Amino acid sequence: MTDAYISIASELARRIQLLSAGERIPSENEIVQEFSISRPTARAAVQELERRFLVRRVRGSGTFVNERIHYPIGPAFPASVSKTLALSGKQGLLRVVSVIETETSVDEALLFETNPPGNLTAISRSLSIDDEVVGFGISKISHHIAPDIRRHLGEISSIWRILHEKYGVDLIRRNVTVTLDNPPNYVAAIIESHEPSWHLRSLNIDHESRKVVELGESWLRADRFSVDFTFGIDEVSHERNENRRSHLRIV
């Protein structure tokens, strides 16, 4: 079966290149009939297409050509999910899952430069596109920066907009780490996938004051997003100079 399902998957992949995102591909029964193969071989071929992120199955509807959304990260791109999606021509729906007030840990207090340590507002949100949940994120905001951010969440779902419009903060990314990890169970339940997903952890600052404003952690489904890092030579040189100056100050 090994050679057969790979060969059939490759032929279907060639055809998929000629289709548009969202178009339905042949069912397993149709693949069985066209290629005169067994049902397990047809199923394995479709599963191979899923592993390549070329198709996605919709329970009760069928299998369709997949579209992976381009999600750029870099100094030239905003620290905002909704604004980043707009660059790819997509509109996402952010829903607040929970809002929790917590005390800062020692490490968080150092990052936020709060002395004495204060409280954080941890805001959890899900991200949906075309009525499908494709991401989840947690943003931690210091009370010193936005003491009553909770009351603005009812009218504005974008934390970037709230910070900009209500507190005069121009949010930019200072550091970001992206890995491909299995989401924890509570996240997997929300995004409806236990498969490895993009795990983003970011430290975001105010452009003018250069102070830390937000600690962010989010998960984006790898079958729905293609994450792209873009850093220019000028930005890399600036980053190196900043690190060199920081080292000199520490020494």
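Strands here, like helices, are DSSP runs numbered from the N terminus, with at least two residues (E) for a strand and at least four (H or I) for a helix. The model is a predicted one, in which local features need pLDDT of at least 70 and side-chain atom pairs count only at pLDDT 80 or more, while totals for chains, interfaces and linings use all residues. Residues are numbered from 1 along each chain as its sequence is written, and side-chain values use heavy atoms, with hydrogens and water left out.

Back to that pairing. Strand β4 (residues 93-103) and β5 run antiparallel and are joined by ten bridges; two strands count as paired if DSSP finds at least two bridges between them. Another position to look at is R95, whose bridge partner in β5 is S126. In general, strands of a sheet pair through backbone hydrogen bonds, either parallel or antiparallel.

Now turn to the other neighbour of β5. Strand β6 (residues 132-142) is antiparallel to β5, and ten bridges join the two. Here I123 finds its bridge partner in S139 of β6. β5 and β6 make a hairpin with two residues between them, and D130 in the turn has a positive phi of about 55 degrees.

How enclosed is β5 (residues 119-129) by the rest of the structure? Ten of its eleven residues are buried, so the strand is largely enclosed. Buried means under 20% relative accessible area, exposed means over 50%, and partly exposed lies in between, using a 1.4 Å probe and protein chains only.

Stepping back, we can follow the whole sheet. It is open and has six strands in the order β4-β5-β6-β9-β8-β7, with antiparallel pairing. β4 and β7 (171-181) stand at the edges with a single partner strand each, so one side of each is left without a neighbour in the sheet. From one strand to the next, the twist averages 15 degrees.

A helix joins the picture here. α6 lies across β5, β6, β7 and β9 (212-221), and runs at about 35 degrees to β6. Contact means heavy atoms within 4.5 Å; axes are lines fitted to C-alpha atoms, for helices over the stretch in contact, and angles run from 0 to 180 degrees between N-to-C directions.

Stay with α6 for its side chains. E165 and R161 meet in a salt bridge, at 3.0 Å from N to O. A salt bridge is a side-chain nitrogen of Lys or Arg within 4 Å of a carboxyl oxygen of Asp or Glu. Why are E165 and R161 separated by about one helical turn? They are four residues apart in helix α6 (residues 159-167). E165 is partly exposed at 44% relative accessible area, and R161 is partly exposed at 36%.

There is a related pair in helix α1. E11 forms a salt bridge with R14, with the closest N and O atoms 2.8 Å apart. Because E11 and R14 are three residues apart in α1 (residues 2-16), about one helical turn separates them. E11 is partly exposed at 23% relative accessibility, as is R14 at 45%.

Finally, R24 and E30 also meet in a salt bridge, at 3.8 Å from N to O. R24 is partly exposed at 45%, and E30 is partly exposed at 38%. Salt bridges also link E28, R39, R43, E50 and R57 in a network. How many salt bridges does the structure hold? The total is 19.
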